[in-house]
Amino acid sequence: MKKHNFSAGPCILPQEVFKEASQAVLNYNDSGLSIIEISHRSKDFVDIMEEARSLALELLGLEGKGYKALFLQGGASTQFLMAAYNLMESKAGYVNTGSWSAKAIKEAKLFGEVVEVASSKDANYNYIPKGYEVPDDLDYLHLTSNNTIFGTQIKELPTTNIPLVCDMSSDIFSRQLDFSKFDLIYAGAQKNMGPSGTTLVVIKEDILGKVTRQIPSMLDYEVHISKASMFNTPPVFAVYTSMLTLRWLKKLGGIAAIEELNEKKAKLIYSEIDLNPLFKGFAAKEDRSHMNATFTLANGDLKETFDAMWKEAGINGVNGHRSVGGYRASMYNAMTIESVAALVDVMGDLERKA
Ligand SMILES: *Cc1c(COP(=O)(O)O)cnc(C)c1O
């Protein structure tokens, strides 16, 4: 039986995407060839790459607005350094909202001065800093829109005129935002888009070409743009499967439709966390993530019982990250409300039993 998979990443994808992708591994489009044995220069794959790139821009509402979409390798972790390599001349600002932001800061320091504009490290990142001043002499400001480990999410963007760079790995395509406010968006595929192995980069072209340093070809956004995201062999299976997920999302009604569903799922789990006296939410209420709900047991003695109960109910992947402890329910786009209801039922059962 298919499990209710709350894994934080790699994670659930739509069941129909799993089916179509596995069929393509055996025989792509009745060609007698597997998707992973054809040339990436073949028309079949070039078409897939182009469809993936244009679907990404279309879903984000960025078509015809001077943006390019790339499917690169090296994960979001490579973007931590690539963003700074390509965009930082002397000084950049970072908002430190968790372990991923901290890693981005560490890499950026190799390229210039990093100003930590705001941080929630003082409270183990359980909230999003607000009302901070953004200096206007920065090359860019870097944000992490959703903090996968701590379960917080930026709801309101800071007001500033300097270029915005955002790590959207764990909430891309999950909610409506004015994406044209960003100059660079990047996201590892493995949370809301596809298998691990590719990273979506969406970049406003006119922000490039402003730094004086030399950039190695593989790390240069302009090189990847000039080669239509095919500078070297792309991760064909990851790009293909991401394209299938983007098609699925478009058919569903795009980001507006999925946002509505994501709100329902979040409401369901957070109301259980708030009403059930056996559980406590980790993140500040106003900053709660609609993708990753973090919570703990009020009484740790119940851990063994609760863990046995959710496993029995066919639930997978709700153990919290070691830096928070407790539990984390990741509810990415492909997660059904029925799966969230299954977890909420187990939480209710625990209350009735205890
Ligand atoms: C998972 C994650 C990353 C790391 O992504 P990789 O593709 O493994 O490098 C970075 N940032 C955020 C917000 C994440 O959730």
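Author: The account below begins with the contact between the domains and then turns to the ligand and to some local features.

The model is predicted. The domain assignment divides the protein into domain 1, residues 15-252, and domain 2, residues 254-353. Into the contact between them go 30 residues of domain 1 and 26 residues of domain 2. The size of an interface is often expressed as the accessible area lost when the parts come together. For domain 1 and domain 2 this buried area is about 2,300 Å², and carbon and sulfur atoms contribute 53% of it. On the side of domain 1, I149, G151 and Q176 lose the most area to domain 2, and together they make up 21% of what that side buries.

The polar part of the contact can be described in pairs. Between domain 1 and domain 2 there are 17 residue pairs in polar contact, with both residues at pLDDT 80 or more. Two elements, β7 (152-153) and α6 (236-252), each give two or more residues to the side of domain 1 that touches domain 2. Of these, α6 gives the most, with four residues. Sorted by class, that side of domain 1 consists of 13 nonpolar, eleven polar and six charged residues.

Charged pairs also occur across the boundary. Side chains of opposite charge can pair when their charged atoms come close. Two salt bridges cross the interface of domain 1 and domain 2. In the model there is a salt bridge between the side chains of K130 and E286, with an N to O distance of 4.0 Å.

Another of them joins the side chains of R53 and E50, at 3.1 Å from N to O. Both R53 and E50 belong to helix α2 (residues 43-59), where they are three residues apart, or about one turn of the helix.

For T148, a polar side-chain atom is placed 2.4 Å from an oxygen atom of the ligand. D167 has a polar side-chain atom 2.6 Å from a nitrogen atom of the ligand. In the case of K191, an N or O atom of the side chain is 2.7 Å from an oxygen atom of the ligand.

G9 and P10 are joined by a cis peptide bond, with omega about -5°. P10 is located in the loop between β1 (4-5) and α1 (15-26). F173, although not a glycine, has a positive phi of about 65°. The loop that holds F173 runs between β8 (164-167) and β9 (184-188).

Methods: Residues numbered from 1 in each chain as written. Predicted model: local features only at pLDDT ≥ 70, side-chain atom pairs only at ≥ 80, totals over all residues. Heavy atoms only, no water. Domains from an automatic or database assignment. Contact = heavy atoms within 4.5 Å. Buried area = accessible area lost by both parts, 1.4 Å probe. Polar contact = N/O pair within 3.5 Å; in protein donor to acceptor, adjacent residues only side chain to side chain. Nonpolar A, V, L, I, M, F, W, Y, C, P; charged D, E, K, R; others polar.
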